[in-house]
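Dear colleague,

I am handing over a structure that you have not worked with before. Please look through it first, and then read the notes that follow.

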Amino acid sequence: MVLNRKLLYILTLVFAYAITLNLTPKYFFLRGELKYKNGDYIESEKYINKALIFKPEDSEYRFAYIKTLSELKPNYSVQRKMYDIANSKQNDGAKILAKKKIKKKKQKNKIKKKKYKKKNRKKNKKKKILKKKKKKEWKKNININVGQNYIDQAPSDSKIIRWNKNSFPLQVYIGEDDLVSMPEYYKTSAIRALKQWETSVDFVSFVITDNPNKAQIAIFFKNIPQNVCKSGTCKYVVGYTKPTITRDTLKNMEITIYKTSPKGEYLSDIELYNTILHELGHALGIIGHSYSMEDLMYVESKDESSIFQKYHEDFHYITGSDINTLTLLYMLDPSITDKKQRDKSDLIYTPIILGTNEEIAKKKIIEATKYIETSPELAIGYINLSGAYIELKDYHNAIDALNKALDFAKDKNEKFIIYYNLAYIYSNQNKCSTALKYAKLAKEIQTTQDLLEMIGILEDRLSKTN
Ligand SMILES: [Zn+2]
């Protein structure tokens with residue numbers, strides 16, 4: 001009798017344990033559903049999340065989870081969870097719903113302010129009611145209603161590079177790197193451009209420093225290189241901006257402005273102001289260019305002489321689209337910045353706006369192809385195209401583009417990038433001797449740490465196979 005009881009007790013325990021295990025996710029799920037019905041979305045999210053920990057692939061749980069997330073304030077972590085399901089491998093209703101939510105938000109981002117111009121009161125009232133109804137929608141809650149912008153063009157490759165918002169005012173150094181004198185208005189034009197950015201964007205501010213090593217933005221006036229002109233035509237840019245990045249940390253942005261034209265003529269105050277204003281846009285983090293001619297960050301793609309032409313004409317403005325792009329840029333979680341931001345709660349999870357690296361690469365192929373159509377004789381178009389193909393791991397097309405780039409490459413920098421990329425692709429394909437050939441060609445132009453490491457690895461691999 002005693003023995004029997006003991007056995008029964010053990011059996012019950014095992015049985016109970018099994019039931020509990022089975023019921024646990026269901027229990028959390030049902031609690032979550034109940035909380036959802038009562039409008040307590042914060043608690044609902046917690047419970048359904050727990051259910052998903054037990055059964056991450058349960059489509060019913062996933063769908064309920066997206067529904068709950070949709071009701072929450074779309075902060076960084078909510079965006080991230082939504083994004084993960086939208087891009088998960090499992091094709092189910094949850095994925096479709098999550099994708100829809102994210103897509104709607106993206107479109108929202110592109111809607112122009114025009115929509116809000118109202119003509120009569122009736123329409124006004126109707127819209128107000130509609131607005132109230134829609135207010136609950138998740139996409140409405142997200143604070144990305146910044147108006148027209150060209151944020152897709154802002155990053156460098158797929159990376160957002162920008163300063164921490166708390167780093168403002170940024171320290172700016174303005175100076176010459178040699179002893180050739182320049183007119184007094186060179187410095188004042190730079191200061192005017194800095195002031196223009198300060199008055200246009202609320203969070204932007206600068207202070208001038210005498211110490212170039214302390215500066216986050218350094219503006220150097222330099223002598224133009226001797227080799228920009230060949231057989232009568234001169235190809236060069238008036239100014240350019242180069243970020244210094246070490247281990248994913250943004251150290252500084254260096255703006256170079258050439259003091260004179262190749263003929264030795266000084267730049268006018270208009271040319272200087274416009275050039276510095278544009279380069280400051282890059283230094284603030286808009287690495288790419290707008291496709292819209294009115295924007296400050298527009299650049300004509302045909303050839304460099306036309307860029308110079310543009311800067312002659314008139315004083316340029318920072319447009320609404322430029323401001324919106326910068327504003328949105330500083331709402332996104334950066335990949336590279338000067339000071340890491342610990343609390344990301346008020347940031348936007350970047351892929352929600354920019355898409356996956358794959359989507360960015362596909363857009364880049366379209367851009368690069370357009371560029372090649374207008375300037376088939378410039379290597380840079382093919383180089384950009386190859387970069388996008390490398391991102392997609394389409395090495396066949398990448399090599400094709402790089403070989404074309406090689407046909408048109410005019411300077412050492414271009415050749416270096418081409419050889420480097422070819423070495424990178426062939427080493428990924430395990431074609432070590434070809435890879436080594438290109439790595440060595442690149443090294444003849446410039447020796448970098450990356451390159452030395454790559455050569456070391458390739459030589460090591462080759463010695464083991466021989
Ligand atoms: Zn530019």
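Strand S3 is joined to strand S7 (residues 249–258) by 6 bridges, and the two run parallel; strands here are DSSP runs (E, at least two residues) and helices are DSSP runs (H or I, at least four), numbered from the N terminus, and two strands pair if DSSP finds at least two bridges between them. In this pairing Ala 218 stands opposite Glu 254 in S7. S3 is also joined, by 5 bridges, to strand S1 (residues 170–176), again in parallel, with Glu 176 opposite Phe 221 in S3.

This is a predicted model, in which local features need pLDDT of at least 70 and side-chain atom pairs count only at pLDDT 80 or more, while totals for chains, interfaces and linings use all residues. Residues are numbered from 1 along each chain as its sequence is written, and side-chain values use heavy atoms, with hydrogens and water left out.

S3 (residues 217–222) is mostly covered, with 6 of its 6 residues buried, where buried means under 20% relative accessible area, exposed over 50% and partly exposed in between (1.4 Å probe, protein chains only). Ile 217, Ile 219 and Phe 221 point one way from S3, and Ala 218, Phe 220 and Lys 222 the other way.

The zinc ion is coordinated by the NE2 atoms of His 278, His 282 and His 289, at 2.0 to 2.1 Å; donors are N, O and S atoms within 2.8 Å of the metal (3.2 Å for Na, K and Ca), and water is not among the atoms, so sites may look incomplete. Because His 278 and His 282 are 4 residues apart in helix H9 (residues 269–284), about one helical turn separates them, and both are buried.

With best wishes
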